[in-house]
Amino acid sequence: MKPAFDFDVNDLYFALSASVDEYIILTDCISGYSRVSKALRDEFDFEDEYIKDFPLKLARRIHHDDFATVKEAYRNVERGMADSYCAEYRVKNALGNWIWIREHSTIVRDGFGKILNVASAITNLGRRNNTDHTTGLLNKYEFESYVNLCIHQNLNIGIMIMNIDDFKNINNLYSRQFGDNVLRIAAQHIQNAVPTNAKVFRLDGDEFGIVFIDHLKSDIKQIYSNICNHFSTQREYQGKKYYCTFSAGCCKFNEQNNTFDILVKNSHTALDHAKAKGKSKIIFFEQKLSEHKTRELKLTELLRESIENDFRDFELFCQPQVFASNGKLKGGEALLRWRTDEFGPISPAEFIPILENTNMIVPVGKWVFERALTICKEWLKFCPDFMMSINVSYIQLYDENFLDFVKKTIKRIDIPTSHIIVEFTESCFVTDKDMLHSVFNSIRELGMKIAMDDFGTGYSSLEILKEVPADIVKIDKAFVRNIQSSKFDKTFIRFVVELCHDVDIQVCLEGVETCEELEIISQMGLDFIQGYYFGKPLDTTNFYETFFRNTVA
Ligand code: C2E
Ligand code: CA
Ligand code: CA
């Protein structure tokens, strides 16, 4: 028999909600009202004890990344297959902070299965999930909460988003675990380098966020350079060497840049710009950068369209390369061109980085390779010694089908491989050395030659040359620009020629434009020259007209 038990439901509710840490919610699904405990009202700034459509109001505060989790948890209840559910998710509280909550709800149904009441207990997990495990820094949710709090308090803030340049190289060169250690070291150092009125957070991947309060632009620049100086030399961890440079984008809070989302978006735009301008830089957001970004997005879309339409709008030009000894044609470099109806011709300096950043360089690079081989095969009829140089981006090397594709294409087009030179830039040479050795060996085994492009512009050209030797070195055109006045540039070219010849590497000089420049370099023992003086890049028809028209095939 049931013992006598008299307890008023109201009293019970009060007693219960006052004595547990959970927020208690009772929902009457027929009237649509929920009764919510005081602690919950305080946390979320609700005035009344009885709230109409409370579940909907709570749902509006759920973090967009967590919606799917909540929906999934509720699914079986909705289908009538369960009478309770539990979900953990983030909601925004009255202060604008993301807090984690665990909701445990039980359903009461009528005889037909219709939901009459819901009783819920919500545990406030607070900021339990607030730190990033790799670096120990506060995580991206805390970053958002903190920025919102600062905005709420009308503080004069600026935010910086910084990341490690070419971090994937560090990961690829060693391992993910090693990459994590580099992140940990970087985090520690950044933390030490910022003053007390700035706060550091770990965002996604290799990205850090810093919130500055009451700092001038010049202060922020100084802090950024303190961070970079520390990493400016080659570093070593567990006997492994690595370079670490940082790029950063900043945006100060003001009338236009007045929400978390805008501040982050603009900082990213500035960061992208820093990367595009050669990395290892800090850039402050300005409106014109936004226009630049819009153009980039538009070009990305158009590039994708061109590729999907059978590489429409792409064309392969060719620039002559000549023997330095007599100026006679030795071959040519295949150079990609792209034009759109809307923007006209776009410089490769602008569209190649977009192709690389979006991996579209993989299909485009294949198209270039195939087209260059086809052209070369045709021109061998007029010039049996013709050498075709083809640029390959380091991104293409990460494509595991790359070598297979190269082999098949050579076979299909049926061309002697000794007429093909593959050009890599220095950025390529700092990637995974073992991988590079193996790819280079395969390229050589196939009978092609390897050229190291833009020599002299990177960090440690000589070191790279020693570790991963090339057959040809192409000295960058920057060394020709001031050759008439710069003793250094003259000496550099002479020195590279001598060094390379000692180890059987041939040398090509790029960017010779004038008769005076040619005069100066003519005694330097170079093997090949490529420059406007001997010819600009031409489309295939013009190249044929200029160099082969009078030759009998
Ligand atoms: P690069 O590989 O160093 O190509 C040589 C660049 O120098 C070409 O610029 C060429 O037009 C320019 N140049 C040659 N001689 C002279 C000269 O005497 N004076 C001056 N001022 N410039 C000269 P372009 O065609 O604008 O290409 C720029 C870069 O875009 C290339 O530099 C290369 O890195 C990249 N690129 C072009 N085509 C391809 C491609 O098919 N694949 C890949 N991955 N990159 C490509
Ligand atoms: Ca090149
Ligand atoms: Ca070059």
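Student: Is Leu 12 buried, exposed or partly exposed, and which is it by the cut-offs?

Tutor: This is a predicted model, in which local features need pLDDT of at least 70, side-chain atom pairs count only at pLDDT 80 or more, and totals for chains, interfaces and linings use all residues. Residues are numbered from 1 along each chain as its sequence is written, and side-chain values use heavy atoms, without hydrogens and water. Buried means under 20% relative accessible area, exposed over 50%, and partly exposed in between (1.4 Å probe, protein chains only). Because its relative accessibility is 42%, Leu 12 is partly exposed.

Student: What is the volume of the second largest pocket?

Tutor: A pocket is an open set of points on a 1 Å grid over the protein atoms alone, where a 1.4 Å probe fits, with protein on both sides within 12 Å along at least five of seven lines. A volume is the space filled by probe spheres set on the points, which are joined across faces, edges and corners. For the second largest pocket that comes to about 560 Å³.

Student: Which element gives the most to the lining of that pocket?

Tutor: Lining residues have an atom within 4 Å of a point, and 24 residues qualify here. Elements (DSSP runs: helices H or I of at least four residues, strands E of at least two, numbered from the N terminus) supplying at least two include strand S1 and helix H3. With eight residues, the top contributor is H4.

Key
Chains are lettered from A and ligands numbered from 1 in the order in which they are written.
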